[in-house]
Amino acid sequence: MTGAMPPESPLPHPRQDFAEAFRDGAAPAEGTGDGNVTLWRLAVFLPAVAAAAAVLWIAPSLFAPGGARGAEIAISMLIALGFFPIALAVCTALGGAVSMLRRPAPRRAAAPARGLDVALLVPVHGEAAAAVFGRAAAMLEALRRRSGPHRFALYVLSDTPEGAAADAERAAFAALRAGGLGPVWYRRRARNVDRKVGNLADWLVRWGGAHDAMVVLDADSLMGPRALRDLADALAADPAAGLIQSCPRILGARTLFARSQQFAGAVHGRALAEGLARWAGAEGTYWGHNAIVRTHAFARSAGLPHLGGALILSHDVVEAGLLRRAGWAVRVLPRVAESFEETPPTLVDHCLRDRRWCRGNMQHLRLVHARGFRTATRVHLLQGAMGYLLSPLWLALLLLWTVSGAAAPAAGGHLALMTAVYALLAAPRLIGATALLLSGTPMRRLGGAWRFAGSLLAEAGLSMLFAPILMVQHTEAVARAALGRRQDWQPSSGARRSLGALLRFHRAETVLGAAALAGIAAGAVSPWLLPVAVPLALAVPLSALSGMVWPPAVLRTPQDLHVPPIAVRAAWWGEALRVPAASEAAA
């Protein structure tokens with residue numbers, strides 16, 4: 001190991017046993033102050049279940065007389081299964097909208113009598129050193145300018161192999177430390193044992209004892225001083241909390257695909273996050289970054305074992321479940337400002353990342369029945385897996401519909417089903433946009449009424465075009481996970497992919513789309529499949545379009561109109577640190 005680190009402060013971090021329940025003796029007695037969380041859950045889940053049951057009841061009546069009864073039943077069940085998560089998203093957004101309109105913005109908590117010693121942890125593995133250390137420098141600089149009771153120290157925890165990238169990290173670290181912005185440390189492991197889980201575990205068992213809390217960041221995370229202090233204040237004020245998760249917003253998007261993701265998160269993502277926070281209560285989830293964690297609670301309660309000899313990949317949700325099992329509250333705070341992350345720039349990069357996430361989320365199915373997990377934790381685990389399993393489900397439904405002409409819905413059934421599906425998919429967008437405006441966001445911060453309306457339509461249209469492609473890609477990801485095929489992913493360098501590379505990547509969608517269009521032209525396939533067939537056939541040009549750079553005026557968000565100061569400083573520091581990093585790499 002190389003780097004510059006403070007004296008070690010060891011902290012035991014035992015691996016947990018999923019076959020045995022565990023409670024942390026240091027966790028406070030039960031009672032989380034969430035007396036109305038049951039009502040929120042009933043208000044969200046009961047309508048979603050009722051909607052799925054109604055679809056299952058109504059679906060058989062949509063079919064033409066004389067169809068194959070077995071195929072009709074199978075199709076009806078697939079439709080109902082597919083409708084439930086869509087209806088749940090609508091109900092979650094509705095609950096979030098109600099919360100946004102009825103619940104005033106929380107007042108800033110009074111400064112705690114005793115401040116926390118907080119470690120900012122930035123695990124890296126081959127990312128661009130200047131950008132990573134630039135964001136770190138901006139956070140340290142902003143914290144130094146804001147007085148408060150909490151103390152912050154930054155650790156860059158590198159798993160980057162020896163070579164030019166590691167040289168660049170060392171040069172950027174030396175330049176950052178010379179700036180005197182505050183305590184900053186750097187450690188590089190020689191071997192990437194257990195990936196990010198092992199990286200953080202190594203820090204915990206060697207240096208974790210010196211800190212009350214840790215803010216876990218990704219290499220692309222950026223948090224302003226207000227966010228960091230709000231999270232620290234919230235943890236200090238809630239002795240029952242083991243983890244508090246912020247809801248990061250996407251920042252710095254330049255390509256069409258990234259800008260559509262940024263706009264979606266800024267507009268209707270707010271209502272979904274608020275709804276999740278309300279029905280989850282003290283049994284929230286963890287996204288692995290931009291969250292504050294009580295160090296000793298995490299060390300005692302959330303050590304991850306291997307699962308069947310394999311590393312748990314989507315570890316964050318499991319760690320949250322282990323903390324809750326041990327008696328600690330896990331909360332989501334959707335209104336913490338100045339919490340940001342980046343997103344993959346192209347459709348291909350998004351799909352590659354999803355392949356890795358899919359493998360981890362499929363592992364969750366083996367943990368649903370783990371001893372001691374709360375019901376909400378099991379729901380979070382199932383939601384993660386179903387987010388990918390829905391794609392092969394919908395694809396199976398479409399294929400079954402296509403090959404079972406006798407079981408296909410009548411013409412009126414086509415229209416009813418398509419209308420219902422598209423209405424439910426559009427509902428969270430409309431709900432979120434309406435709640436955002438009614439809760440006090442000025443229209444001028446969204447670019448004006450006409451531009452905002454155009455952006456809403458553009459994002460919805462792009463989502464409809466990309467959805468069939470993602471359906472096929474997620475189906476492939478599930479198949480790869482089932483076959484145990486490994487898929488690593490690194491953030492994209494932004495380089496354009498060749499037409500040949502795009503065609504190889506999207507060959508399954510292209511073939512399926514061309515076959516569907518040929519079937520429609522021959523009269524063998526219903527024309528209602530056109531909204532699915534056309535995007536599949538055009539997967540390659542749509543994918544190329546997704547990576548094109550577009551000006552900020554397209555799909556404009558509040559972050560475009562008023563760039564956060566922390567982002568401006570991060571960009572400045574990134575450029576300043578790129579020079580010494582490049583010089584050392586060249587030497």
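**Reading the terms in this model**

Reader: Leaving aside its neighbours within four places in sequence, which residues is P552 in contact with?

Author: Once those neighbours within four places are set aside, P552 is in contact with R259 and D560, where contact means heavy atoms within 4.5 Å. The model is predicted, with local features needing pLDDT of at least 70 and side-chain atom pairs counting only at pLDDT 80 or more, while totals for chains, interfaces and linings use all residues. Residues are numbered from 1 along each chain as its sequence is written, and side-chain values use heavy atoms, with hydrogens and water left out.

Reader: Where in the chain is P552 found, and why is P552 called partly exposed?

Author: P552 is found in the loop between α18 and α19 (558-561), helices here being DSSP runs of H or I of at least four residues and strands runs of E of at least two, both numbered from the N terminus. Its relative accessible area is 48%, and the class follows from the cut-offs, buried being under 20%, exposed over 50% and partly exposed in between (1.4 Å probe, protein chains only); P552 is therefore partly exposed. The C-alpha atoms of P552 and G252 are separated by 9.7 Å, although these two residues are 300 apart along the chain.

Reader: What makes strand β3 a mostly covered strand?

Author: Of the eight residues of β3 (residues 151-158), seven are buried. For the chain as a whole, 53% of the 587 residues count as buried.

Reader: How do you know that β2 and β3 pair, and how do they run?

Author: Eight bridges join strand β2 (residues 117-124) to β3, and the two run parallel; pairing requires that DSSP finds at least two bridges between two strands, so the eight bridges of β2 and β3 meet that requirement. Within this pair, V122 stands opposite V156 in β3.

Reader: Why are β6 and β8 called edge strands?

Author: Three strands form an open sheet in the order β6-β11-β8, with mixed pairing. Both β6 (222-223) and β8 (249-250) pair on one side only, and that makes them the edge strands. Two bridges join β8 to strand β11 (residues 339-341), these strands running parallel, and the bridge partner of I250 in β11 is E341.

Reader: At what angle do helices α3 and α4 pack, and what is their arrangement called?

Author: Helix α3 (residues 129-145) and helix α4 (residues 164-178) pack at about 25 degrees, their axes 9 Å apart. That angle makes α3 roughly parallel to α4, because angles under 35 degrees count as roughly parallel, over 145 as roughly antiparallel, 65 to 115 as roughly perpendicular and the rest as oblique. Across this packing, A129, F133, A136 and A137 in α3 meet A168, E169, A172, F173 and L176 in α4.

Reader: What makes α16 oblique to α17?

Author: Helix α16 (residues 507-522) and helix α17 (residues 530-537) pack at about 135 degrees, with axes 7 Å apart. That value makes α16 oblique to α17. Among the residues of α16 that meet α17 are L512, A516 and L517, and on the side of α17 the residues include L530, V534 and L536.

Reader: How do the axes of α14 and α18 cross, and which residues make the contact?

Author: The axes of helix α14 (residues 449-482) and helix α18 (residues 539-546) come within 11 Å and cross at roughly 120 degrees. L465, F466 and I469 of α14 make the contact with A539, L542 and S546 of α18.

Note on methods. Axes are lines fitted to C-alpha atoms, for helices over the stretch in contact, and angles run from 0 to 180 degrees between N-to-C directions.
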